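Open your viewer and keep the selection tool ready. We will take this one stop at a time.

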Amino acid sequence: MVDFDGDGNFDEIDVAVLEEEENKKKQPEGNNNRGCCVVLLAIGSSITAAAWGITHYLM
């Protein structure tokens with residue numbers, strides 16, 4: 001066994017550290033809403049292109 005706190009014994013503190021590391025691995029990393037960002041970018045680009053086209057056409 002691994003001694004995480006360095007006292008020479010594998011005890012409750014070491015078990016707590018080990019469980020904490022396992023819980024960190026189980027939690028998802030970051031926000032997985034990347035699709036929403038892509039949709040907003042596409043809509044914003046379309047609106048910008050349309051606005052530019054209209055102003056370019058009128059001038």
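How many disulfides does the chain have? The count comes to zero. Keep in mind that this is a predicted model.

**Stop 1: the cysteines**

Select Cys36. Cys36 takes part in no disulfide, and the nearest cysteine sulfur, in Cys37, is 7.4 Å away.

Next, check how open each one is. Cys36 has a relative accessible area of 46%, so it counts as partly exposed. Cys37 reaches 52% relative accessibility, so Cys37 counts as exposed. The cut-off for exposed is over 50%.

**Stop 2: the helix**

Clear the selection and colour by secondary structure. Select residues 34-58. This is helix H2, and Leu58 lies in it.

**Stop 3: the surface patch**

Is Leu58 buried or exposed? Leu58 counts as exposed because its relative accessibility is 66%. Now select Ile54, Tyr57 and Met59 along with Leu58. Together these four form a nonpolar patch on the surface.

**Stop 4: the whole chain**

Zoom out and show the surface. The chain exposes about 5,500 Å². Carbon and sulfur atoms supply 62% of that area. What percentage of the 59 residues count as buried? The figure is 2%.

Terms used
Residues numbered from 1 in each chain as written. Predicted model: local features only at pLDDT ≥ 70, side-chain atom pairs only at ≥ 80, totals over all residues. Heavy atoms only, no water. Patch = residues over 30% accessible without salt bridge, like charges linked within 9 Å, V, L, I, M, F, W, Y side chains within 5 Å. Areas by Shrake-Rupley, 256 points an atom, 1.4 Å probe, with all protein chains shown as cover. Salt bridge = Lys/Arg side-chain N within 4 Å of Asp/Glu carboxyl O. Helix = DSSP H or I, 4+ residues; strand = E, 2+ residues; numbered from the N terminus. Buried < 20%, exposed > 50% of the residue type's maximum accessible area, 1.4 Å probe, protein only. Disulfide = S-S within 2.5 Å.
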